[in-house]
Each structure stands twice: as C-alpha cells, then as structure tokens.
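The sequence and the model are shown first.

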Amino acid sequence: MKAALVLVDLQNDFIHPDYLLGQLNFTAVYPELLSNIRACVTSFRRRHYEPTQTPLPSRHLTRPEGDKYRDVPMNSEHLAGSHHGSRPFCTPGSRGAHFHPEMQELVRPTDTVITKTYYSAFTGTTLHESLQSLDIDTVFFGGVTATTCVRATATDAFFHGYDVRVIKSAVSASSPIATSSALSTMKTHYGQVLHHRDLDDALFDAALPILYYVNGSIPSWRVQLLLAEKAIAYNPRRLHVMTDPKETRLPAFAAINPRCKTPTLVDVDGTVVIESLAILQYLETYYPTSFTPAAHNKTAYTTCIKRGQESENLHNACEGLGHLFLDEYSEYERVIEESLDGTMEELGFWEGYLRDHAYVAGDEFTLADCAFWPVVGYLVHRGLDLDGAEWVGLSAYVDRINARPAESEAKPVGWSRKGKVRLVYGSCSRVEYVSAAD
C-alpha cells in the first residue's frame, strides 16, 4: 500500500468559530476535530507520507468499466457542483480563505496544497495527477464537511480507482446526525471508515522498524525526536499505561522487552534495543545523518556526549513533580517541593550553557539536544514559567526547538496546550487547564 492523507477545507471560514460556519454555530459540533486531524498528520509524518490539503478559492467523471463500479452511485448534480449560496465561502484574499492557525502550523513546504473551486477536490485540479506521480493507491480522508466536500472528493477518489479510507474522527458536518449519515453512505459505497486511533494498524509496514512508545513519556519523546531529525520512517506502536493492566505489562510486549518499559525499538532485522539513551546511540551508529560531532574534534565531541548524559540529572530531579497530577497530591507536598527545588537548581546549569550557545552542546543541534529537550518540553507543557531575565537562554532555546519541523512530528499527540500545573521558582500550585485559545 502507498498511502496519502487528503485533508479537505481546513480554512477559517469552515472551522474557526469566528468565521462563517462558526457564526452559524456549526463549529460547535466538532470541538475535537483539530486535535484529531493533528494526530492523523503525525501518523503519516512518522512514515514520511506527506499530506495533501485542499483550500477552497466535464464536472462528472465517466463511470469506469467493471463490476466494482456498475451499481455504485456517482456524485449527484449537487455534489458535482460548487457553493452558490448567498454567503460565499473563502473569498480569495480574505482571512476566511486562510488555513486555520492550528492547521497552518502543520503545513510543510513538501506538502501538496491544491486549490479547488468545486466540492470535489478532483474536479478541475491536479490532485489526481499529484497522487499518480507519487504512485498512491490508497487515500485517507479528513476535513469538512462530511456531507459535501469530503463526500464528493471521496466519491471521485473511488471512481478514479483509489482505495478509499475515511477517518471518521477527523471529519464532521453541520450535526452529528448529518456526519453519521454521510459516513454510512461512504462506507456502503466507496470504502472503509476508521477511527484515527486505528491509523497505526492501517498503515503498518513490515519493511520499517517498530517503536513501542508511551505518549508524553520523556524517554519515548527523545527517540521520536531523533527519528524525525534523521527522517527515519517507522511504525509507531503506542502503549497505554493508565489502563489495568498496563499495556506495557501484557505478555506480548513482555516477550519483546522483559523489563516492560518504553521506548523499545525493534529494527527491521529483529534487533531489539531498549533504554532511550541506548536507542539514541544505536540510531546514531546505524542510520545517517550524524548528530554527533566528529571524534577528532575532541572538545565538541566530549561536550556532546557529556550533555547527553547530564540530561538525566534534570530528568531525575523533576520526577517528583509527577505527584502533582494525583488526586491526593497534597499528601506529597514535601516530595513535590524538594523536586521543584532540585529542578530549578538543575535548570540553572542549563541556562548557563544556553546563554553562550544556541544549543546545549554548541551552536548546532546534536544528539545531546535529543536527550535534553524532551525534559524541558515536558516541564514547559506542565506549566514551567520561563519568562524573566533569569531564563533568557532557556526561553530562546524553547522557541528555537519548537521551530524545528522534527519537533512538530515528535511532539506528544494532544500537547498543543499546557497542562494542569504552573511551576514557578520556589513554589508550585495546581491550576485548571488553560483554554485552547491560550
């Protein structure tokens, strides 16, 4: 299978609450849509499939020959057309025609962006030619609305000969009933319907290495960042540890890693590597591109390997902060305070390193950053406040890492907003989730 992800109509007019559909309150029926689409993009990025997005600025296909197509309904006159209502959508040059800000963050220069003027993204565009040039045979769909543009595009994809997969948690319409009806029609006639949580199984490729990971885990994040930086396609296998029993304790995984810990890498030749820092070194040794300075540059080389190991000091110091997320957190006040004091003291070392250099081992991104960044990224997500003159080096570092495309791919799914606590020097407190707008 050679797959592509096609995302339909992710502009402000369709999915931003302040624009056309939002003003009609349509956007209230899909509050989780953007988060689910982000998860879909991450699944495809990790296999180095590139998404195609379709912004909006002979209409019928000819029915192909063969039993597969004989009794399947093609797009109606309506679905083969375009929007002609009194409220024009995505007027060229308007803010409504721009991608929603959260979706714009996902777009990379290598992505294909198709401008369409009909409901179907295949009509009057180069979408089919673009997919053919990449030898795509299977197309996954997300976006809005399920009743018109997504359905029309999925229908035409079927008649163009593609295997169609519609991601039900990544599409929506004006109401849950309308969405359900459109999904039922597409499942009956045009292809499969699946949840975005099933994408990893649907996209599994036996020719790629497998990474077993826990979402939001610092050790897992380290490995995912290096995989992204090296552009290594892989099969992500997410394990859940908030279940009973933990999925890391199930016999199938214990047979792979008897320590029942993530991350665990299984290479294509069957080699199993455990422990995050060991996996980083394995990937650095056996996969290009190198993120370790050459050994003949003794100062740069030793600084890199030292900083990578030093990152464990911060990792260990902040472990006690995990008690903040327990319902009975107040019982661990002393442990939390000691952990916070140790974390802030340890961050002082890294602030000193980063005031002199762009990255932790110098002015170039190295393996040491893969080891260190997820610890800081975790703390920032949990509410670490780096505002103020005492943290100018770390604050600039956070911005610098977040600007790297690999971090967008590696970042834990669902971590587009801060978590439940605010961490400041010398004190800590539980606070409610900030709003999505924050």
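## The second largest cavity

In this predicted model, the second largest cavity holds about 30 Å³ of space. Its lining is formed by Asn257, Lys261, Thr262, Pro263, Ile274 and Glu275. Sorted by class, these lining residues comprise two nonpolar, two polar and two charged residues.

Thr262, one of the lining residues of this cavity, is also among the residues touched by Thr248. Thr248 sits in the loop between β8 (235-238) and α11 (251-254). With a relative accessibility of 4%, Thr248 falls under the 20% limit and therefore counts as buried. Leaving aside residues up to four places away in sequence, Thr248 is in contact with Leu239, His240, Val241, Phe253, Cys260 and Thr262.

## The largest cavity

The largest cavity has a volume of about 50 Å³.

Two helices, α3 (33-45) and α17 (405-410), each contribute at least two residues to the lining of the largest cavity. The greatest contribution comes from α3, which supplies four residues.

## Salt bridges

The model contains 13 salt bridges under the distance rule applied. In one of them, the side chains of Lys116 and Asp9 meet at 3.3 Å, N to O. Lys116 and Asp9 are both buried.

Another salt bridge joins the side chains of Arg404 and Glu229, at 2.8 Å from N to O. This pair links distant parts of the chain, 175 residues apart: Arg404 is in the loop between α16 (392-402) and α17, and Glu229 is in helix α10 (residues 218-229). Glu229 counts as buried because its relative accessibility is 16%.

A further salt bridge is formed by the side chains of Glu284 and Lys230, with an N to O distance of 3.1 Å. Glu284 belongs to helix α12 (residues 276-286) and Lys230 to the loop between α10 and β8, so the pair ties together parts that are 54 residues apart in sequence. Glu284 is buried, with a relative accessible area of 10%. Lys230 likewise counts as buried, at 6% relative accessibility.

## Backbone geometry

Most residues other than glycine have a negative phi, and most peptide bonds are trans. Which peptide bonds are cis here? Another is the bond from Pro288 to Thr289, with omega near 0°. Thr289 is placed in the loop between α12 and α13 (298-317).

Positive phi values of about 60° occur at Asp135 and at Cys260, neither of which is a glycine. Asp135 is located in the loop between α6 (127-133) and β4, whereas Cys260 is located in the loop between α11 and β9 (264-266). Are these two residues buried or exposed? Asp135 counts as exposed because its relative accessibility is 61%. Cys260 counts as buried because its relative accessibility is 12%. Cys260 is also among the contacts of Thr248.

Terms used:
Residues are numbered from 1 along each chain as its sequence is written. This is a predicted model: local features need pLDDT of at least 70, side-chain atom pairs count only at pLDDT 80 or more; totals for chains, interfaces and linings use all residues. Side-chain values use heavy atoms; hydrogens and water are left out. On a 1 Å grid over the protein atoms alone, a cavity is a set of points where a 1.4 Å probe fits but cannot get out, and a pocket is an open set with protein on both sides within 12 Å along at least five of seven lines; lining residues have an atom within 4 Å of a point. Grid points are joined across faces, edges and corners, and a volume is the space filled by probe spheres set on the points. Ala, Val, Leu, Ile, Met, Phe, Trp, Tyr, Cys and Pro count as nonpolar, Asp, Glu, Lys and Arg as charged, and the others, Gly among them, as polar. Buried means under 20% relative accessible area, exposed over 50%, partly exposed in between (1.4 Å probe, protein chains only). Contact means heavy atoms within 4.5 Å. A salt bridge is a side-chain nitrogen of Lys or Arg within 4 Å of a carboxyl oxygen of Asp or Glu.
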